[in-house]
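Subject: Structure handover

Hi there,

Here is the structure I promised to pass on. Have a look at it first, and then read on for what turned up in it.

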Amino acid sequence: MSVKGTKIPPKLRLPLAGVTPAPTEEAGQVLFPTGNFRFFRPVYKDKTPPCNHACPTGEKIQKYLDFVKHERFLDGYLTIMEDNPMPSVTGRVCYHPCEGACNRKDHDEPIGIRNVERFLGDFGLELADEPIKETLPATNGKHIAVVGSGPGGLASAYHLRRLGYRVTILEALSKPGGMLRGGIPHWHLPENVLNAEVTKIEDLGGIEIKCNTRVGTDVSWQDLKDYDAAFLALGQDVGRKLPVEGNDLRGVTGGLEFVREAGFNKPVKVGKKVIVVGGGNTASDTARSALRLGAEEVTIVSLEGPDELLIVPEDLEQAKAEGVEFKTNSACARILGEDGVVTGAVLCEAHLSKDEEGKVTPRMNPDTEYEVTCDNVMIAIGQVQHLDWIPDHLIEGGLLKTDEYGRLEDNIFAGGDIVRGPAMVVDALGDGKRAASNIDKVLKTADLAPDAPVEVMPYERLNTSYFPHAPRIEAPLTPPEERIRDQEIEVTLAYTQEQAIAEADRCMSCGVCNGCDNCYIVCPDVSVMRDTRENGAYSIRTKYCKGCLVCVQECPTGCLEKVPELDFEDESDVTRMETAFSVYDGSHAEQSIPIAKLQEDAIAEYDAARRRRTGATSGNGKRR
Amino acid sequence: MTQKEVVRQHLPLFEEQGRSASVPDDVGRNLHYLPDMPEEDPYQAGHRTCAGCGPAIQYRWVLKAAGQNTVVAGPTGCMYVANATYMSTPYTVPWAHTQIASGGSFTSGMAAAYESMIRKGKYEGEYPNILVMAGDGSAADIGIGSISGALYRNHDALFICYDNECYANTGIQTSPTTPYGGSTTFTPPGKVIPEGKKLPPKNLAKMMSEGHPNCYVATTTVGYTLDLMNKTRKGLNHRGAAFLHCYTPCQKGWVYQTPMTVELGRRVVESGLFPVWEYDPAERKYEYFIPPEQRPVVDYLAMQGRFGHMHPEHVALMQVAANRNWEDMGADVPKRLRELEDPEAHKHLKEEEYSLPVNRGIGA
């Protein structure tokens, strides 16, 4: 019985009062370990959140959202930089597969991950010194060539540098950036942001970017083999031609070429009426750039139907708001011209049909042909790359053929669009990261191995009682009538700090402990111990945990799991069940000995005191 | 003789909305994600309650909220028996056992004694938090007289009824708060009385607030941590008697999966069977908590074995009672809940398919 805090006068003290030890916060009731009630034990096992899993670079999205929530922006920025060197770029242009995978979409709306990433990226760019610089190792003497300074090339160079390699990037054009500069318009990704991100990587030291160096003409395949290793990320920057009559008239351009000229700030001329042929993101970018550069009427002609367009939904919505017209299920049959200059085009109804092998072919209906007038026709129906300098056996269908680790042959790896066909910026970034780690393994003569399988946390296993519904904070947009005036006006604007924090706060931290203290507070047996508020820093006091699993049930994120007690063998924290109810053996008997000892000691002490006081030889009349 | 002033404690309330909102690190976010949560636990590990015990969770939260300068009394009940065997208790604060009927009188004696000892200068220090935590058998049945007397005399103490809706200590006998249809060893369902318990439960908290209008009275459940802890602190801060009625599931008596203790604490509120409210004695007004989600009663009933025998007409009667509760609370009763008042809308409860909470396994 605890007597702490009360004052018992000596004359009232009885031998047994207050002799049993009071519990302490560190040790609980030492005589009564209730851990032998337990069949199951709660164990912290972090899973992979779906956002992290969906990101080709494997960004630890849940982790940096947690940092942003706690206003630890630098930690958040450094977390991104472990996987992705250019968050300011991806924060603007990424097609965010993470948001598509976000479990919150089943709850209310997905989290605006891209906008938070942009917030952190811009935070990083504003720092006076790049914090990554201090963490870099010295170069180890090995020298790697990277072909192409697009997202894949820059990412591989960054990751290789962090592993200690010296890197030379060979870039064919006059400025680095690849598709980021030549394929993404300024109103999507401002030039100064791209320049800052490239400079950030270049300034790390040990990375050299050689512009105006075209592989195949200035550098040969054999030259590449002289490096310790090479990574090919050339991308696909040659627009495919439209195989129709009139495609060589003046006024017919490739959409990609048009966007690139604009991206390199070269003077481009656009007529009043423009037709863009194609149904993908390049078509949308081309059309919207044309609007900003003087066109008054822009029409996208696509084989795809209105619901089949390959344009990401938000871009499609923005394009429509800006006044881009769509002629879906249509094709351009001929381009008309006078004196070698475009004057119009013949369009017809068409659709895409799948044959038995799943190959998609256009089917045109010549009976529905009609004429339209226009000043320009821009073709955005896909891209290719010149690969005549690479040995033939490495090429298949216009793309490079790699193994499952991205290896072309020996120490030469490849990635990005040149391997995948047109894909996302973030795919290239992911390929660059993977190539860097695989090149590192090859140069250290380690075996390449596939990634270990991960367990992705589904929505159904979250405890959603703890997540009140909250709407997504949409990033503000520049109004359409204002943003089409100039190609330098950014369309999507940034979150404020408050918005970034509030949006990060919506994260449900799927499958990963975020230290919410729920397990700590619901435990009836004070057996979830909390040392510091860091992920996974709770421990289970196995001496007392009864295995009720309330903590497992109430864990909002689902990172707590039950594990059968018999799976554990460490004797220091196992109290087996079979001894719990046996009075004469096992823990009850063990417990009764110290209790009896405590009583005997107390009686002996009482007797001794009484003897001193009275001179009696025996305390309580009994012979001892 | 000059009298000394009785200095009382004032416990700050927790920010309920701050639960997941951003709190900067420099105000202790590193240590306390739950805002301002005290580190200390005056109710410690090693007690012999069952795994997943609802009252144990409630004891821990109440004593965490009350802090170390607290004196506790516990009338006979399961939480006395399970906590105080072999001459040892899990409390790091002074604690005393009382007879089952005398929780109120014992506690009022403690409160009066502390007050007078402080006035006479025989006890130094602030007036402690004086608490009694009585089971529903003690607070609503055998000892209701003494608790009512203590509330009436307005002693400065907090009287808590942890309500597990049965006499659990002696092996699950019916108590006045056992719900309609609850199966206990005294109300077994059979051919003559198929619903088990025929009587509706006693509305204990309303009795206390209506009958002792100067007391702070509130109800809460183990489903809402900060609500329970804040109401404890409000009751302790209230100058005079306060009464807290707390719903605490009993795994052995109700026959549910041990991990569901806290979930039941939420579902009972969401199904409208246990209104959570606060009575303000100054304004003489009730403030009701309307949960964000309103559920059919089957979602709650079907989680527990003690209701497994219920027939459609019994479930419908429970839904009627729940809808009356919603009306009393001033909440809208959705049409789908109205339709469930019809016995035709239900099946025998053991065949009922219902929306289970996320199931992460059966414990203990």
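Before the sheet, one term: two strands count as paired if DSSP finds at least two bridges between them. Please also keep in mind that this is a predicted model.

**The sheet in chain B**

With that definition, eight strands of chain B form an open sheet with mixed pairing, in the order β2-β1-β3-β4-β6-β5-β7-β8. Its edges are β2 (95-98) and β8 of chain B, each of which pairs on one side only. From one strand to the next, the twist averages 20 degrees.

Helix α6(B) packs on this sheet and touches β4, β5, β6, β7 and β8 of chain B. The direction of α6(B) makes about 165 degrees with that of β6(B).

Some of the pairings in more detail:

- β5(B) and β6(B) are parallel partners, with six bridges between them; T221(B) has Y247(B) in β6(B) as its bridge partner.
- β5(B) (residues 216-221) also joins β7(B), through two bridges and in the antiparallel sense.
- β7(B) and β8(B) (residues 285-289) run antiparallel and are joined by five bridges.

β7(B) and β8(B) form a hairpin with four residues between the strands, where R284(B) takes a positive phi near 55 degrees. Strand β7(B) (residues 276-280) has four of its five residues buried, so the rest of the structure largely encloses it.

**A helix with covered residues**

In helix α5(B) (residues 144-153), the buried residues are I144(B), S146(B), I147(B), G149(B), A150(B) and L151(B). Their cover includes the helices α3 (103-119), α4 (136-142) and α6 (204-211) of chain B, along with the strands β3 (129-135), β4 (158-163) and β6 (242-247) of that chain. Just after α5(B) comes N154(B), with a positive phi of about 60 degrees.

**Rings and charges**

The whole structure has 19 aromatic pairs over all chains. One of them is Y44(A) with Y538(A), a stacked pair at 6.0 Å centre to centre, with 20 degrees between the planes. Y44(A) belongs to strand β1(A) (residues 40-44) and Y538(A) to strand β21(A) (residues 538-540), so this pair ties together parts that are 494 residues apart in sequence. Y538(A) is buried, at 7% relative accessibility.

In chain B, ring pairs link Y43(B), Y59(B), Y80(B), Y91(B), W95(B) and Y162(B) into a cluster.

Which rings have an arginine over them? Y520(A) has the charged end of R60(B) over its ring, 5.1 Å from the centre, and W254(B) has R306(B) over its face, at 3.9 Å from the ring centre.

**Cysteines**

How many disulfides does the structure hold over all chains? The count is zero. C548(A) counts as buried at 7% relative accessibility.

How values were computed
Residues are numbered from 1 along each chain as its sequence is written. Chains are lettered from A and ligands numbered from 1 in the order in which they are written. This is a predicted model: local features need pLDDT of at least 70, side-chain atom pairs count only at pLDDT 80 or more; totals for chains, interfaces and linings use all residues. Side-chain values use heavy atoms; hydrogens and water are left out. Rings of Phe, Tyr and Trp (its six-membered ring) pair if their centres lie within 6.5 Å; planes under 30 degrees apart count as stacked, over 60 as edge-to-face and the rest as tilted. Buried means under 20% relative accessible area, exposed over 50%, partly exposed in between (1.4 Å probe, protein chains only). A charge sits over a ring if NZ of Lys or CZ of Arg is within 6 Å of the ring centre and within 35 degrees of the ring normal. Contact means heavy atoms within 4.5 Å. Axes are lines fitted to C-alpha atoms, for helices over the stretch in contact, and angles run from 0 to 180 degrees between N-to-C directions. A disulfide is a pair of cysteine sulfur atoms within 2.5 Å.
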